[in-house]
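Subject: Structure handover

Hello,

Here is the structure I promised to pass on. Please open it alongside this message.

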Amino acid sequence: MTIEILPARLANQIAAGEVVERPSSVVKELVENSLDAGATTIKIDIEKGGAKRIRISDNGSGIVKDELTLALSRHATSKIKNLNDLEGICSLGFRGEALASISSVARLTLTSKTAEQESAWQAVAEGRDMAVALQPAAHPNGTTIDVVDLFFNTPARRKFLRTEKTEFSHIEEVIKRIALARFDVTFILSHNQKVVKHFKSVNNKSLYGKRVAQICGQKFIDHALEVDCHHGDLHFTGWIGLPSFARSQNDLCFSYVNGRMMRDKLINHAIRQAYSDMLPVNTYPAFVLFLELDVREVDVNVHPAKHEVRFHQGRYIHDFIYSVCHNALSDNINGELLPEQADQSLAISDIQPEVSTVNYPKSQSVEAHDGAHQASRDYIKPLTKVADVHSQPYQNTNQGHQSNYSSYTHSNNQVSRNAAQAYQTLMTPLSEGEQSDGEKPDNEKLIGVKSLSVANVNEASMFTKVVDEQYALINLADELRLLALNKLEQAVKFIEVKNRWQHDFVSQPLLLPIKITLDQQQVVFVERHATALKKIGIVATVVTKNSVQIRQFPALLRNKDVNFSFNKLLTLLLVDDNNELTNSDWQQAFASLLTADSYDNKQAENLISLSQRQLNSAFEQQLRLNSVVVDLTSSITKLTNAE
Ligand SMILES: Nc1ncnc2c1ncn2[C@@H]1O[C@H](COP(=O)(O)OP(=O)(O)OP(=O)(O)O)[C@@H](O)[C@H]1O
Ligand SMILES: [Mg+2]
């Protein structure tokens, strides 16, 4: 075969193979063009999932008549001029390929008017050489690009299109992602002439949370921590969902680098690693996070659809993201109010802020200067000055981060070590065997978290009924079992208490001090363990040889009978007088006081699902330990005899 230059359309169609995968990729490219043109309102009209029509109109700068032809040609861009520009890309586009590619696989009409021009012009690329025909048109300032019959001339690609609904859902996803990145722009998305999404521009920072809630759901914002951290040239902001808001899919993982939406392995890994063992297995975190950094520190020209970037200092960025997220999460995990607990008066977390210096999340839209925001700013400061230098100091040859980073390290060295280790794992290619588990969430896949299979432990379908207000009939791996609810709750409370143990528990003065009669051994115990009792919030003074007076009691036990709880505590702890009590003994005993006295169906259901989240891989084990198989033999015999 002789060597020949490919006709323009064919060359563009080949290029389109990489950029134009499906209707949503067309939408992404066109909306990005509108954003690059400074548009503040972008209308996206879709027909039949985008296969029939994708029309994007904006009020951006427009394209002058003389450049319309160029705009449709390959390798024509207004965004970079030389190699130097390529090393510091500020716009979303830069390849000069999108319009040429799209117009080679669809019927594309470009209509545009600049403010300086009196009238608008329309351009269409035709034929094998994609010659551009121009004609006058009516259009306000800005641009409309109308893409009709996508893949009409590439039937093989058209075959890959999924149903109208599926394709449209991909488009919706793209718009959501972009709308999260640009609060200052209004987006109106219609499908088959019906407005489906309308995101109004918000210019006040305090209202950003509203748009996030509109896109990710109010529940996400209600269960998210707001982060905002500057470090050197890096600025990291956004929302990270609390572990209790873990998702079964990665549908709320939004990260952006300099306003560009990303599916970057390194960023996702750093974030997931920050959650480490806080997330139940097979779940994904939810986050909307924005990283801003010097454009020269990041190479955006590494992925055809620009979904990934290459950071010049990957390790540094990884550690930074990890540290900010991990700090925010671990500072809050102990005080977290899990959704299932919200209606329980004994939720540990809703009381803790009184004693803790950490302000717990629940960061709804936050005014730039209000207290909550200030608090979140404080606790997320991940890097503190220390004398000893990071073991593997950051080597920056370009921008002078080195001075910053090498003299700053995470307040908890272990965290940095973990981050470094995780980064190594990420960068070590997986062996073939490991790669085969493609569908597992990355935290499991990459860090090798070993977990008990919970495939047959599905809390949603497991619970059937509460018996005697204390027990639940459950179906565990096709076995009918009777579960002691209060034992299970104790296991959960134990973890919560243990996590909070460094801080004293909130103590509430009793309206009237209560005098309790005890035996001598108990009185000695109270005297001897005054400090430990105080730690959990009990202030008791010995009045006589066989009585004590209780003046303060744990806030967490505010709904319980003081006398009963106190006696129960002593009974639990005074088992063996010769043995020294460990922290764990106290934690177990206190956890046991925190459990409910009885359960209804709803409470039991909530408890089981909370346990699954809190206990993670120990969930099944706890279920088995605290339950017995229900023996149905005698019932069956009765039924058989009755026949
Ligand atoms: N909506 C728009 N408003 C104003 N100018 C536009 C618009 N869309 C495209 N252009 C102009 O047309 C040029 C070509 O667009 P195209 O998307 O093909 O390339 P690009 O955005 O420069 O790079 P990339 O291929 O990476 O997207 C742009 O550089 C820009 O000057
Ligand atoms: Mg473009």
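Below are notes on a sheet, a ligand site and a helix pair.

Please keep in mind that this is a predicted model.

The sheet. Five strands make up an open, mixed sheet, ordered β9-β10-β13-β11-β12. The edge strands are β9 (224–231) and β12 (260–262). Each has a single partner strand, so one side of each lacks a neighbour in the sheet. From one strand to the next, the twist averages 15°. Helix α10 (residues 265–275) packs on this sheet. α10 touches β11 (253–257), β12 and β13 (287–292), and its direction makes about 125° with that of β11.

The ligand site. Ligand 1 has 23 residues around it. Nearest are Asn33, Ala37, Thr77, Gly93 and Ala98. Helices α2 (23–36) and α5 (98–105) each give at least two residues to the shell. The shell counts eight nonpolar, 10 polar and five charged residues.

The helix pair. The axes of α18 (residues 485–500) and α22 (residues 583–594) come within 8 Å and cross at roughly 125°. The two helices are therefore oblique to each other. Their crossing is right-handed. On the α18 side, the contact uses Gln490, Lys493, Phe494, Val497 and Lys498. α22 brings Gln587, Gln588, Phe590, Ala591, Ser592 and Leu594. By class, the contact residues are five nonpolar, four polar and two charged.

Best wishes

Note on methods:
Residues are numbered from 1 along each chain as its sequence is written. Chains are lettered from A and ligands numbered from 1 in the order in which they are written. This is a predicted model: local features need pLDDT of at least 70, side-chain atom pairs count only at pLDDT 80 or more; totals for chains, interfaces and linings use all residues. Two strands pair if DSSP finds at least two bridges between them. Helices (H or I, at least four residues) and strands (E, at least two) are DSSP runs, numbered from the N terminus. Axes are lines fitted to C-alpha atoms, for helices over the stretch in contact, and angles run from 0 to 180 degrees between N-to-C directions. Two residues are in contact if their C-beta atoms, placed from the backbone, lie within 7 Å. A residue is near a molecule or strand if its C-beta atom, placed from the backbone, lies within 6 Å of it. Ala, Val, Leu, Ile, Met, Phe, Trp, Tyr, Cys and Pro count as nonpolar, Asp, Glu, Lys and Arg as charged, and the others, Gly among them, as polar. Angles under 35 degrees count as roughly parallel, over 145 as roughly antiparallel, 65 to 115 as roughly perpendicular and the rest as oblique. A crossing is left-handed if the near helix is turned anticlockwise from the far one by less than a right angle, and right-handed if clockwise.
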